[in-house]
Amino acid sequence: MKKILFYNFIPTKSEEEAAKASNTQFKASRALVEIRDLSPPPPPPDPNHPWQIRKRLTTSDVAHRRLALSHNDTFDHIFRYWTTDMVNYVLMGTKAPVVLWDLTDENHPLRYRTENIYLERGSKDEFYVLGWMDLISNLLLNPGDEIGLYWDVRSGTLQFKLLHRET
(Lines give C-alpha, C1' and ligand atoms only; values in the text may rest on other atoms or scores of the structure.)
Protein backbone atom coordinates (compact mmCIF):
# COMPACT_ATOMS: atom_id res chain seq x y z
CA MET A 1 0.00 0.00 0.00
CA LYS A 2 1.18 3.49 -0.84
CA LYS A 3 0.56 6.51 1.39
CA ILE A 4 -0.56 9.76 -0.24
CA LEU A 5 -2.14 13.01 0.86
CA PHE A 6 -5.75 13.36 -0.33
CA TYR A 7 -6.92 16.96 -0.69
CA ASN A 8 -10.63 17.81 -0.52
CA PHE A 9 -11.18 21.03 -2.47
CA ILE A 10 -14.92 20.63 -3.06
CA PRO A 11 -17.17 21.13 -0.03
CA THR A 12 -20.19 18.97 0.68
CA LYS A 13 -23.54 20.71 0.81
CA SER A 14 -23.46 20.71 4.64
CA GLU A 15 -19.90 22.12 4.70
CA GLU A 16 -20.92 24.81 2.24
CA GLU A 17 -23.95 25.76 4.33
CA ALA A 18 -21.91 25.75 7.56
CA ALA A 19 -19.34 28.10 6.00
CA LYS A 20 -22.10 30.38 4.72
CA ALA A 21 -23.83 30.39 8.15
CA SER A 22 -20.60 31.32 9.96
CA ASN A 23 -19.74 33.87 7.25
CA THR A 24 -16.38 32.20 6.56
CA GLN A 25 -14.82 30.74 3.45
CA PHE A 26 -14.62 26.96 3.04
CA LYS A 27 -11.11 25.74 3.77
CA ALA A 28 -9.81 22.77 1.82
CA SER A 29 -8.85 19.81 3.97
CA ARG A 30 -6.37 17.02 3.55
CA ALA A 31 -6.05 13.51 4.88
CA LEU A 32 -3.46 10.79 4.67
CA VAL A 33 -4.84 7.76 2.84
CA GLU A 34 -3.42 4.47 1.72
CA ILE A 35 -4.05 3.36 -1.83
CA ARG A 36 -3.16 0.25 -3.72
CA ASP A 37 0.19 0.89 -5.35
CA LEU A 38 -0.33 0.04 -9.01
CA SER A 39 3.17 1.00 -10.01
CA PRO A 40 5.80 -1.69 -9.73
CA PRO A 41 7.39 -1.88 -6.29
CA PRO A 42 10.67 -0.06 -5.95
CA PRO A 43 13.63 -2.26 -6.67
CA PRO A 44 15.31 -3.67 -3.59
CA PRO A 45 18.25 -1.52 -2.56
CA ASP A 46 21.58 -2.50 -4.02
CA PRO A 47 23.55 -3.78 -1.02
CA ASN A 48 26.66 -1.98 -2.28
CA HIS A 49 24.88 1.35 -3.01
CA PRO A 50 21.54 1.46 -1.15
CA TRP A 51 21.39 5.26 -0.86
CA GLN A 52 17.94 6.06 -2.23
CA ILE A 53 18.08 9.68 -1.06
CA ARG A 54 21.23 11.50 -2.16
CA LYS A 55 21.82 15.12 -1.39
CA ARG A 56 24.53 17.72 -1.71
CA LEU A 57 24.41 19.76 1.50
CA THR A 58 23.51 23.42 1.38
CA THR A 59 24.69 26.16 3.71
CA SER A 60 21.22 26.13 5.31
CA ASP A 61 21.34 22.35 5.95
CA VAL A 62 24.61 22.75 7.84
CA ALA A 63 24.02 26.09 9.60
CA HIS A 64 20.54 25.23 10.90
CA ARG A 65 21.49 21.60 11.64
CA ARG A 66 18.29 20.50 9.94
CA LEU A 67 18.31 18.60 6.66
CA ALA A 68 15.50 19.49 4.24
CA LEU A 69 14.11 16.41 2.44
CA SER A 70 11.71 16.70 -0.48
CA HIS A 71 8.10 15.62 -0.16
CA ASN A 72 8.57 12.92 -2.81
CA ASP A 73 11.76 11.49 -1.30
CA THR A 74 10.19 11.39 2.16
CA PHE A 75 6.98 9.69 1.02
CA ASP A 76 8.65 7.29 -1.44
CA HIS A 77 11.63 6.20 0.65
CA ILE A 78 10.69 6.69 4.30
CA PHE A 79 6.95 7.03 4.88
CA ARG A 80 6.29 4.08 2.58
CA TYR A 81 7.57 1.82 5.36
CA TRP A 82 5.91 3.59 8.32
CA THR A 83 2.44 2.91 9.66
CA THR A 84 -0.29 5.41 8.86
CA ASP A 85 -0.37 6.46 12.52
CA MET A 86 3.35 7.24 12.48
CA VAL A 87 3.03 9.33 9.32
CA ASN A 88 0.00 11.18 10.70
CA TYR A 89 2.06 11.97 13.80
CA VAL A 90 4.55 13.84 11.61
CA LEU A 91 1.85 15.43 9.44
CA MET A 92 0.23 16.93 12.56
CA GLY A 93 3.46 18.84 13.14
CA THR A 94 4.98 16.65 15.83
CA LYS A 95 8.64 15.64 15.82
CA ALA A 96 8.97 11.89 15.35
CA PRO A 97 12.14 10.50 16.91
CA VAL A 98 14.12 8.21 14.64
CA VAL A 99 17.09 5.99 15.20
CA LEU A 100 19.87 6.86 12.77
CA TRP A 101 22.95 4.79 11.96
CA ASP A 102 26.00 6.58 10.60
CA LEU A 103 27.72 4.11 8.26
CA THR A 104 30.44 6.54 7.10
CA ASP A 105 33.06 4.37 8.82
CA GLU A 106 31.74 0.94 7.87
CA ASN A 107 34.01 -0.79 10.38
CA HIS A 108 32.67 1.33 13.26
CA PRO A 109 29.06 2.40 12.59
CA LEU A 110 27.65 4.90 15.07
CA ARG A 111 24.10 4.75 16.41
CA TYR A 112 22.23 7.97 17.20
CA ARG A 113 19.09 7.85 19.30
CA THR A 114 18.59 11.21 20.99
CA GLU A 115 16.03 14.00 21.04
CA ASN A 116 18.22 15.79 18.47
CA ILE A 117 17.56 13.13 15.79
CA TYR A 118 13.99 13.40 14.49
CA LEU A 119 11.80 13.82 11.44
CA GLU A 120 9.19 16.57 11.24
CA ARG A 121 7.03 18.42 8.75
CA GLY A 122 8.65 21.49 7.24
CA SER A 123 7.14 24.95 7.25
CA LYS A 124 5.67 24.18 3.82
CA ASP A 125 4.13 20.94 2.58
CA GLU A 126 6.84 20.61 -0.07
CA PHE A 127 9.46 19.30 2.32
CA TYR A 128 10.18 17.52 5.58
CA VAL A 129 13.04 18.09 7.99
CA LEU A 130 15.49 15.65 9.50
CA GLY A 131 16.92 17.08 12.70
CA TRP A 132 20.50 15.85 12.87
CA MET A 133 22.31 18.11 15.32
CA ASP A 134 24.40 15.35 16.94
CA LEU A 135 25.44 13.82 13.65
CA ILE A 136 26.49 17.06 11.99
CA SER A 137 28.55 18.02 15.05
CA ASN A 138 30.41 14.69 15.11
CA LEU A 139 31.18 14.53 11.38
CA LEU A 140 31.96 18.22 10.89
CA LEU A 141 29.90 18.32 7.69
CA ASN A 142 30.24 21.28 5.32
CA PRO A 143 28.20 22.75 2.47
CA GLY A 144 28.90 20.84 -0.73
CA ASP A 145 29.41 17.48 0.99
CA GLU A 146 27.33 14.70 -0.57
CA ILE A 147 25.38 12.40 1.73
CA GLY A 148 23.16 9.38 1.25
CA LEU A 149 20.17 8.15 3.25
CA TYR A 150 17.80 5.20 3.16
CA TRP A 151 15.25 3.60 5.45
CA ASP A 152 16.28 0.10 6.51
CA VAL A 153 13.08 -1.92 6.62
CA ARG A 154 14.60 -4.80 8.60
CA SER A 155 15.79 -2.67 11.53
CA GLY A 156 13.29 0.21 11.23
CA THR A 157 16.12 2.75 11.27
CA LEU A 158 17.42 5.50 9.04
CA GLN A 159 20.83 4.76 7.52
CA PHE A 160 23.24 7.61 6.74
CA LYS A 161 26.58 7.82 4.96
CA LEU A 162 28.89 10.65 3.95
CA LEU A 163 29.47 9.76 0.30
CA HIS A 164 31.81 12.55 -0.76
CA ARG A 165 33.46 15.35 1.18
CA GLU A 166 33.80 18.66 -0.66
CA THR A 167 37.41 19.75 -0.75
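Which residues form a nonpolar patch on the surface? The views below show a predicted model, in which local features need pLDDT of at least 70, side-chain atom pairs count only at pLDDT 80 or more, and totals for chains, interfaces and linings use all residues. Residues are numbered from 1 along each chain as its sequence is written, and side-chain values use heavy atoms, with hydrogens and water left out.

**View 1. The nonpolar surface patch of Tyr7, Phe9 and Ile10.** Together, these residues have about 370 Å² of accessible area (Shrake-Rupley method, 1.4 Å probe; for residues, only the protein chains shown count as cover). Nonpolar side chains of a patch are joined within 5 Å, each residue having over 30% relative accessible area and no salt bridge (a side-chain nitrogen of Lys or Arg within 4 Å of a carboxyl oxygen of Asp or Glu). Ile10 lies in the loop between strand S1 (2-8) and helix H1 (13-21); helices (H or I, at least four residues) and strands (E, at least two) are DSSP runs, numbered from the N terminus. Ile10 counts as exposed (over 50%) because its relative accessibility is 67%.

**View 2. The mostly covered strand S10 (residues 146-152).** Seven of the seven residues in S10 are buried (under 20% relative accessible area). Glu146, Gly148, Tyr150 and Asp152 point one way, whereas Ile147, Leu149 and Trp151 point the other way.

**View 3. The antiparallel partners of S10, strands S3 and S11.** Strands pair if DSSP finds at least two bridges between them. Four bridges join S10 to S3 (residues 53-56), where Lys55 has Ile147 as its bridge partner. Seven bridges join S10 to S11 (residues 157-164), and Trp151 stands opposite Leu158. Four residues lie between the strands of the S10 and S11 hairpin, in which Gly156 takes a positive phi near 65°.

Conventions: Patch = residues over 30% accessible without salt bridge, like charges linked within 9 Å, V, L, I, M, F, W, Y side chains within 5 Å. Buried < 20%, exposed > 50% of the residue type's maximum accessible area, 1.4 Å probe, protein only.
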